[in-house]
Amino acid sequence: MLTSYAAHFDTPAGYLDFARFGPPSRDAVTAGARAVAESATADHTTVDALMRAEDAVRDTAARLAGTDVRHTVLLPNTSTGLFHAALGIREGVVLAPRTDFPANHYPWHRAAQLGRAAPRWLDPAPGAGVTPDQVRAALTDDVVALSVSAVDFRTGFRADLAALREAIGPDRLLIVDGIQAFGVAALPWDTADVLVTGGQKWLRAGWGTGFATLSDRALERLDPVLTGWTGVEDAGLFDGTAHPPAPNARRWSITHLSPVTAAAFASALAIVERHTVAAIEAAIAARIAELSDTVQRCGGRVLSPADPARRAGILSFTVPGHEPSLVAKALHAEGVTPTVRADSLRFSPHASTPPEVAERVAAALSSLRS
C-alpha cells in the first residue's frame, strides 16, 4: 500500500472494483462540494472563477499524457472521444478487437452506417489482447487506423503500444482507449495519435470527467464532425455565424464540462501527479501479485496474463466447480467487492488497497470448500 496516497481516501479495505468505478478522494469530494456551494451564492465573479478549473485540469492532464494543452481537450467521458475519432475518419478500414468493451464497438458501427470508416474485427487469443503480429497480418492498403484499449477490461492484458505503433507504420492512426490504464500504468502515450480516457475509474475523479489528446497527424486527418460552440475560433463572439473549428484539440469540444466535475477532476489529477504514476503502478502490481497467489493457492484459475510485464491492475479468475455469483457471495461476506461477470470474476485493486485484503480473499475462497 502506498501510505501517503492512501491517506487521501476512505474506501473500504476490501474494495477491489476500481476497473469499474474508483471511489474519489476526500480532496475531490471537497473540491466538488466547494464548487456547488460557491455556485449557490453566485455573484458577478462566480461563473468565471469556477470555469478556471477547466484550465487546471487541462494543464495537468496534458503533463501526465506527455503532451501540451494545444493537443488536449476535456470531454465528459471516453465514449464521446471515441465517437469523435470514429466519425472523423472520412473513409477506409479501422482494425479493432472484437473482445474490447462495447464502448469501443459502437462508434465504428455508427461510422460504418454513415458511410465513413468501416471496422475490421480482430480476434485476440483468450486471455490476451491484440498483438503486433495479428495487426500486421490484418493490414491491407485500405486500413487507415488501429483502435485498441491500452489495457483489456476483461483480463488486464497490457497492450504493447510502441510495437503496435511500429506495426501499423507512420501513415496510419493509432487510437487508444486509456481508461483502464491512465494514471496507474506508465505507458508510452505519445505513440498514440488519439488517446481518450475517462476519470471515473482509476483516476478516481467521479463520473462526467475525461479528456483526449490528439497528435498533429490526428488534427490534420480527422474531420471535426462534432465540434460545438466551445470548439470553434472566436467562441466568445456571438454573431450568428458558424465559426471555423479551432486549429487545435479544442475542436473536439462540444460544450464546457460542469465546473463542479472539473473541480473534482483537477483535484484527482493533482493527487496522481503528486504521488507519481510509477509509485502508484508499483503498489498496484504488488497487490495483484499477492491476490494472484491467493486465488491459485485456494484452487482458483487465473485468466489474466501470468507475465507481470504483460498485465496491469486487473486480475480475472474463476473458481472451478463454483458459479461466479456464489463466489461473489462468499467474497461479499468477507467485505470484499469484486466485479462479477457471468463467466468469471475480476479483482482490480488500487494503490490504497491494503495487503490485508488477500487474507479476506483467502477466507472467502476457503469457505467454498467447507
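This is a predicted model: local features need pLDDT of at least 70, side-chain atom pairs count only at pLDDT 80 or more; totals for chains, interfaces and linings use all residues.
**Exercise 1. Arginine 251**

Find where arginine 251 lies, and work out which atoms its side chain reaches.

*Solution.* 
Step 1: Start with the location. Arginine 251 sits in the loop that runs between helix H8 (216-221) and helix H9 (259-275).
Step 2: Look for a partner of opposite charge. The nearest such side chain is that of aspartate 223, 7.0 Å away.
Step 3: Turn to the backbone instead. A polar atom of the arginine 251 side chain lies 2.9 Å from the backbone oxygen of alanine 246, and the side chain also reaches the backbone oxygen of leucine 219 at 3.4 Å.
Step 4: Complete the surroundings. Leaving aside residues up to four places away in sequence, arginine 251 touches residues including Leu222, Pro224, Thr227, Gly231 and Pro245.

**Exercise 2. The buried side of helix H5**

Which residues of helix H5 (residues 106-113) are buried, and what covers them?

*Solution.* 
Step 1: List the buried residues of H5: Pro107, Trp108 and Ala111.
Step 2: See how they are arranged. They cover an arc of only 95° around the axis, so they are on the same side of H5.
Step 3: Recall the helix rule. An α-helix has 3.6 residues a turn, so residues three or four places apart point the same way.
Step 4: Find the cover. It includes helix H4 (78-88), along with strands E2 (93-97), E3 (118-122), E4 (143-149) and E5 (173-177).
Step 5: Follow the chain onward. After H5 comes glycine 115, which has a positive phi near 75°.

**Exercise 3. Salt bridges across the sequence**

How many salt bridges does the structure hold, and which parts does the pair of arginine 116 and aspartate 223 tie together?

*Solution.* 
Step 1: Take the total, which is 15 salt bridges.
Step 2: Check the pair. The closest N and O atoms of arginine 116 and aspartate 223 are 2.9 Å apart, and the two form a salt bridge.
Step 3: Arginine 116 is in the loop between H5 and E3 and aspartate 223 in the loop between H8 and H9, so the pair ties together parts that are 107 residues apart in sequence.
Step 4: Arginine 116 is partly exposed at 24% relative accessibility, and aspartate 223 is partly exposed at 22%.
Step 5: Aspartate 10 and arginine 26 meet in a salt bridge at 2.7 Å, N to O. This pair ties together parts that are 16 residues apart in sequence.

Key:
Residues are numbered from 1 along each chain as its sequence is written. Side-chain values use heavy atoms; hydrogens and water are left out. Helices (H or I, at least four residues) and strands (E, at least two) are DSSP runs, numbered from the N terminus. Buried means under 20% relative accessible area, exposed over 50%, partly exposed in between (1.4 Å probe, protein chains only). Lys and Arg count as positive and Asp and Glu as negative; His and the chain ends are not counted. A salt bridge is a side-chain nitrogen of Lys or Arg within 4 Å of a carboxyl oxygen of Asp or Glu. A polar contact is a pair of N or O atoms within 3.5 Å; within protein, one must be able to donate a hydrogen and the other to accept it, and residues adjacent in sequence count only if both atoms are side-chain atoms. Contact means heavy atoms within 4.5 Å. The arc is that of the directions from the helix axis to the C-beta atoms.
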